[in-house]
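Thanks for coming, everyone. Please bring the model up on your screens, and we will go through it together.

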Amino acid sequence: MNQNAFMKVDKATFYDFVTRHDDQRFEYEGGYIVQQMTGGTWSHGNIARNFLLILHGQLDRSRWTVQQDRGVDTDVTVRYPDIVVEPIGAPPDSLSTTVPALIVEVLSPSSTARDLKRKPPEYMGLPSLVAYIVASQDAPAVVAWVRSADGQFPAEPAEISGLDATLDVPALGLNLPLSEIFAGLTFPTAGEADS
């Protein structure tokens, strides 16, 4: 059965659809199947890979798994962030998680509004989430919503920039140096960016 992108579907139909179209990228939003861009820039790929390596190196792999292209199932959406950290123990054939601990998105020009405006309330509504991190491709900078010790997310994200800066996620014991997140990338200096 073909699904029309303009026809409302339930999540079960969405999951059936994506398993039959695994060569493309789709998300589920407000009852609709929404096609997403596949691929990405060299910078995007390297930032995502760096996060993957850092997280694998710092997290206890007997407790946590770090994956790319793992679905996150919220009340009204199914998203596929760049990186998802979740507890070990998900069913091997599951297509998504409802218990992510950390989510990372790398900004693309086409995803800025979605990643910084629509996704934060969706993700922060998940009780398991400890941090949502959005990384720039244009500068060594991240914005991060990190749940505090009292269980609350800040109203506004922390903005962290510069290769000497570090993002801490205490609940997961993470210390994420921006120099490692953006390793291998070069950015124009202030004078170069203005010309």
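Start with the contacts in the chain, where contact means heavy atoms within 4.5 Å. Take those with a separation of 6 or more: residues 24 or more positions apart account for 51% of them. A word on the source: this is a predicted model, in which local features need pLDDT of at least 70, side-chain atom pairs count only at pLDDT 80 or more, and totals for chains, interfaces and linings use all residues. Residues are numbered from 1 along each chain as its sequence is written, and side-chain values use heavy atoms, with hydrogens and water left out.

Now the overall picture. The chain has five helices and 13 strands. Helices (H or I, at least four residues) and strands (E, at least two) are DSSP runs, numbered from the N terminus. The radius of gyration is 17 Å, close to the 16 Å that the globule rule gives for 195 residues, so the chain is as compact as a globular protein of that length. That radius is taken over C-alpha atoms, and the rule is 2.2 Å times the number of residues to the power 0.38. The C-alpha trace spans about 55 × 40 × 30 Å along its principal axes. As for burial, 46% of the 195 residues count as buried. Buried means under 20% relative accessible area, exposed means over 50%, and partly exposed is in between (1.4 Å probe, protein chains only).

On to the sheets. Two strands pair if DSSP finds at least two bridges between them. Angles run from 0 to 180 degrees between N-to-C directions, and axes are lines fitted to C-alpha atoms, for helices over the stretch in contact. Inside this sheet, S6 (residues 83–87) and S8 (residues 102–106) run antiparallel and are joined by three bridges. Look for Ile83: Val104 in S8 is opposite.

There is also an open sheet of five strands, ordered S2-S1-S5-S4-S7, again with mixed pairing. Here S2 (32–36) and S7 (96–97) are the edge strands, and each pairs on one side only. S4 and S5 are antiparallel, paired over two bridges. Across that pair, Val72 faces Arg79 in S5. Helix H1 lies across S1, S2, S4, S5 and S7, and runs at about 175 degrees to S1.

What ties H1 to the strands by charge? One link is the salt bridge between Asp73 and Lys11, at 2.4 Å from N to O. Asp73 lies in S4 (residues 71–73) and Lys11 in H1 (residues 11–20), so the pair ties together parts that are 62 residues apart in sequence. Asp73 is buried, at 14% relative accessible area. For the record, a salt bridge here is a side-chain nitrogen of Lys or Arg within 4 Å of a carboxyl oxygen of Asp or Glu. By this rule there are eight.

Next, zoom in on Arg79. Arg79 sits in strand S5. Is Arg79 buried or exposed? Buried, at a relative accessible area of 0%. Glu27 pairs with Arg79 in a salt bridge, with the closest N and O atoms 3.0 Å apart. Glu27 is in S1 (residues 25–29) and Arg79 in S5 (residues 77–79), 52 residues apart. Both of these residues, Glu27 and Arg79, are buried. Glu29 meets Arg79 in a salt bridge too, at 2.9 Å from N to O. That pair links S5 and S1 across 50 residues. Shared partners then join Glu27, Glu29, Arg79, Arg118 and Glu122 into one network of salt bridges.

The side chains of Arg79 and Glu122 also make a polar contact, at 2.8 Å. A polar contact is a pair of N or O atoms within 3.5 Å; within protein, one must be able to donate a hydrogen and the other to accept it, and residues adjacent in sequence count only if both atoms are side-chain atoms. Not counting residues up to four places away in sequence, Arg79 touches a list that includes Arg70, Arg114, Lys119 and Tyr123.

Last stop: Val78, also in S5. Val78 is buried, at 0% relative accessible area. Leaving aside neighbours within four places in sequence, the contacts of Val78 include Lys11, Phe14 and Tyr15. Pro154 is 76 residues away along the chain from Val78, and their C-alpha atoms are separated by 23 Å. I'll take your questions now.
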